[in-house]
Amino acid sequence: MTLMKKFYTGAAVVALSTSAVVAQEVEVLHWWTSGGEAAALNVLREDLAGGGIGWTDMPVAGGGGSDAMTVLRARVTAGDPPTAVQMLGFSIQDWAAEGALANLNDLAAEQNWDEVVPEALQAFSTYEGDWVAAPVNVHSTNWVWANTALMEELGIEQPETWEDFVAAMQTAQDAGYTALAHGGQAWQDATIFDSMVMGVGGPEFYQASMVDLDPEALGGEQMVEAFERMATLRGFVDDNFSGRDWNLASAMVINGEALFQIMGDWAKGEFVNAGLTAGEEFQCFRVPGTEGTVTFNSDQFAMFGVDEDDAESQLAMASAVMSPEFQIAFNVVKGSAPARTDIDPSSFDACGQAAMADLAEAGSNGGLFGSMAHGHANPPSIQNAMYDVITAHFNGEFDAETAAEEMVTAVELAQ
Amino acid sequence: MAATDPMLEGADFRTRLQNWLPKIVLAPSFAVMVLFVYGFIAFTIYLSFTGSRMLPSFDLVGWQNYERLFRVRQWDTAIVNLGIFAGLYIVISTIIGLLLAIFLDQKIRGEGILRPIFLYPMALSFIVTGTAWKWILDPAIGLEVTMQQWGFENFQFDWIKDSEMAIYTIVIAAVWQSSGFVMAMFLAGLRGIDNEILKAAQMDGASNFQMYRRIILPQLRPAFLSAFVILSHLAIKSYDLVVAMTDGGPGTSTWLPALFMYEYTFTRNQMGIGAASAVIMLMTIAAIMVPYLYAELREKN
């Protein structure tokens, strides 16, 4: 009898302590699986561990996160959403529209998020005036990453115009190097396309074509020009680019096999991880023609509607994400700029400080635009329709005029 | 049926139970099958007429999804690719399978070793086959660079990176995978042919070639038909091989309908169009299967 009693008491204690552990845990779905990214995420994990909150990691590899979104859909449909999900742009709005996200208004009011987060970002982290996500960073996507040693060897100065940029790549190619390191995945093609659109037509054209989806802009002469620049870039990419991951392309620049890479500033994490110093062993500059403007994407943690037990640790996580200490620690490692405007830039490297300065400048003169390639200019269905055309053109299935016409049709069908 | 069976008139409980038991036991699995196969087919057909985007919705929009589907350029690509892929895959697999079977049927030594070697690729899943062939065909690490290192400086085989040719590399991998299986079917057919007829033909002075053309191949008709049906449905549902080898690339040049269906339904928030493409694929398979089943059933009667 006593033995049975002991057993029951023991079982009850175990049950209690298990539920206590569950209450103090967050489950986080993300696709930060490359070296620099994983290190950056560790900052948050340790921060939460300091507050006694456990961390269940749910990484789904694949840049751009489309695989992660598939996993998420299955989880939500099964009624078992993760606590927080790394998410980009319009996906947050889509999930909020489905009523799947939690309300963070109280925490946001308490910590004054309205004041410190730039409005262009708030457009994505709030839905109908309610905070549903905590922004982690601002990545700008119109960067060129360059190998300094190779530039010196070839006698190349930092190019100021598109023509200079092409001339520099020609020099590298003639010397037997890969001029432009690139991975042939649709989202990477789209990333460089963003900069071509901005470079050809500036902010008005970007707004009209990528955001407002004006058919005249989508099929117009400037769009043809943007596609022609894509074809020029294609001429400077090595033959084996198809299907290559972006961090392998970064590695080509790091190893001195390739001169330039056009990629968002998450690439900086790879350079730093390889032991290179910004402004010295590698250079960062805006894609020629896009100076003064920033196309951005912002990683956010969308907070899903969870039961009350988990809501507490969810709020703790949101609070930790928005704290200045985490924003600095994370973004220094990740390569991006903080999502708050009140952060001291002194602990950032040369490229990080340039990013924060560019961001402030672009934000004040109307040059801050969500990146189409990263789901911050239009919803996923249209984004993917554009991907199809861009990647098909880049792989030689269309000429520039056909591609511009296809843009109009593809966008129309996806609306 | 059972209740009116004269054998059971006045039978005791035990006998009745014995008669009903199989039906009772099978009923749940039958119900599950009806729900999860035909129920979901019906659900997909329904979805294809709704405006579903990210999650299923139930507002009917008529034929709009089908109209859009046939205007989406990737669907054209997928259909053309399916034509190329299915055509080559079925024909080449059948020819290689038949030749292997005839070769193995020559009472050669070592048949016991050769047969499993030819058959084993079928034991691999398409995703494994695809990953292996992706590496073999990758110009930077596979066949091309190896041949160049062996001294064939001008050897070039970069189809997998070429949007015009990439679909043919998928044919290569698929043929490699399935030929052995087709061989096994033909071999079984060949072994089933009556030796007496062949001996008689031999005595009449028929050559080997004539024997194959006039006697053996016509008798293999059922094997041909099975091979065709199995290979064609493998081709239409082919998804994993493409994902593993090229992920639809370069660009969108190796998209097949199954990949299209997955992309539109699950990653592009266009579930309606995805469902419409699934219905078209189902109808394509039905167009092949129904005449086949009809022919088979009629033969038995």
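Modeller: Welcome! In this predicted model, 26 residues of chain A are in contact with 26 residues of chain B, contact being heavy atoms within 4.5 Å. Local features need pLDDT of at least 70, side-chain atom pairs count only at pLDDT 80 or more, and totals for chains, interfaces and linings use all residues. Residues are numbered from 1 along each chain as its sequence is written, chains are lettered from A in the order in which they are written, and side-chain values use heavy atoms, with hydrogens and water left out.

Colleague: What is the area buried between chain A and chain B?

Modeller: About 2300 Å², with carbon and sulfur atoms giving 45%. Buried area is the accessible area (1.4 Å probe) that two parts lose on being put together, summed over both. Of the area that chain A buries against chain B, R73(A), D388(A) and L413(A) supply 29%, more than any other three residues.

Colleague: Why is the meeting of R73(B) and E397(A) called a salt bridge?

Modeller: The rule asks for a side-chain nitrogen of Lys or Arg within 4 Å of a carboxyl oxygen of Asp or Glu. The N to O distance here is 3.7 Å, so the pair meets the rule. Across the interface, four salt bridges are found.

Colleague: How many residue pairs are in polar contact across the interface?

Modeller: There are 16, with both residues at pLDDT 80 or more. A polar contact is a pair of N or O atoms within 3.5 Å; within protein, one must be able to donate a hydrogen and the other to accept it, and residues adjacent in sequence count only if both atoms are side-chain atoms. On the side of chain A that touches chain B, α3 (66-77), α4 (90-97), α18 (380-394) and α19 (400-414) each give two or more residues. The largest share, seven residues, comes from α18(A). Helices (H or I, at least four residues) and strands (E, at least two) are DSSP runs, numbered from the N terminus.

Colleague: What makes β1 and β2 of chain A a pair?

Modeller: Two strands pair if DSSP finds at least two bridges between them. Strand β1 (residues 25-30) and β2(A) have six, in the parallel sense, so they qualify.

Colleague: Why do β14 and β15 of chain A stand at the edges of their sheet?

Modeller: That open sheet has four strands in the order β14-β7-β12-β15. β14 (337-338) and β15 (368-370) each have a single partner strand, so one side of each is left without a neighbour in the sheet.

Colleague: How do you know that β7 and β14 of chain A are paired?

Modeller: Two bridges join strand β7 (residues 137-140) to β14(A), running antiparallel. V138(A) stands opposite A337(A).
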